[in-house]
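Please open the model in a viewer, with side chains displayed.

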Amino acid sequence: MTIRRVMPIVKSDAVQESREFYGLLGFEEAMDLGWIMTLVSPSAPAAQVSIVTRDETAPVTPDMSVEVDDVEAAYAAMRNSGAEIVHPLQDEEWGVRRFFVRDPSGRVVNVLSHL
């Protein structure tokens, strides 16, 4: 399995202010679904940060995202290890297949692949 990117998720009610703040560091808006906005470095597109008010399609807001090339293999590995699956594997309307898993420190990780 190959990791394609790791992205922090900032939970915030100040989405526009956060966009302006990270814009000062050079980030530009790549996606805005209203409840989640992803900001990207134009010079290094894998450098990203997402600002989330709350996850609209899951019971919790994750702390970070890890994009992998094979989300099915990642899901199987986590499930077989006994890790707590917080949100089941599913396709999302914005073109990703994802699941949430809790890490040993209690953080929720959104593991995804693009469809």
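Select Phe 21, Tyr 22 and Phe 27, which form one aromatic cluster. This is a predicted model, in which local features need pLDDT of at least 70 and side-chain atom pairs pLDDT 80 or more, while totals for chains, interfaces and linings use all residues. Residues are numbered from 1 along each chain as its sequence is written, and side-chain values use heavy atoms, without hydrogens or water.

The whole structure holds four aromatic pairs (rings of Phe, Tyr and Trp, the latter by its six-membered ring, with centres within 6.5 Å; planes under 30 degrees apart are stacked, over 60 edge-to-face, the rest tilted). Phe 21 and Tyr 22 are edge-to-face, because their planes stand at 90°, with ring centres 5.0 Å apart.

Next, select Trp 35 and Trp 94, an edge-to-face pair at 5.5 Å centre to centre and 70° between the planes. Trp 35 lies in the loop between strand 2 (28-32) and strand 3 (36-40), and Trp 94 in the loop between strand 6 (85-91) and strand 7 (96-102), so the pair ties together parts 59 residues apart in sequence. Strands are DSSP runs of E, at least two residues, and helices runs of H or I, at least four, numbered from the N terminus. Trp 35 is buried, at 11% relative accessible area, whereas Trp 94 is partly exposed, at 24% (buried is under 20%, exposed over 50%, partly exposed in between; 1.4 Å probe, protein chains only).

Finally, select Val 66, Val 68, Val 71, Ala 74, Tyr 75, Leu 89, Phe 99, Val 101, Val 109 and Val 111: these ten residues are the largest nonpolar core (buried Ala, Val, Leu, Ile, Met, Phe, Trp, Tyr and Cys joined through side-chain atoms within 4.5 Å). Helix 2 gives the most to this core, three residues.
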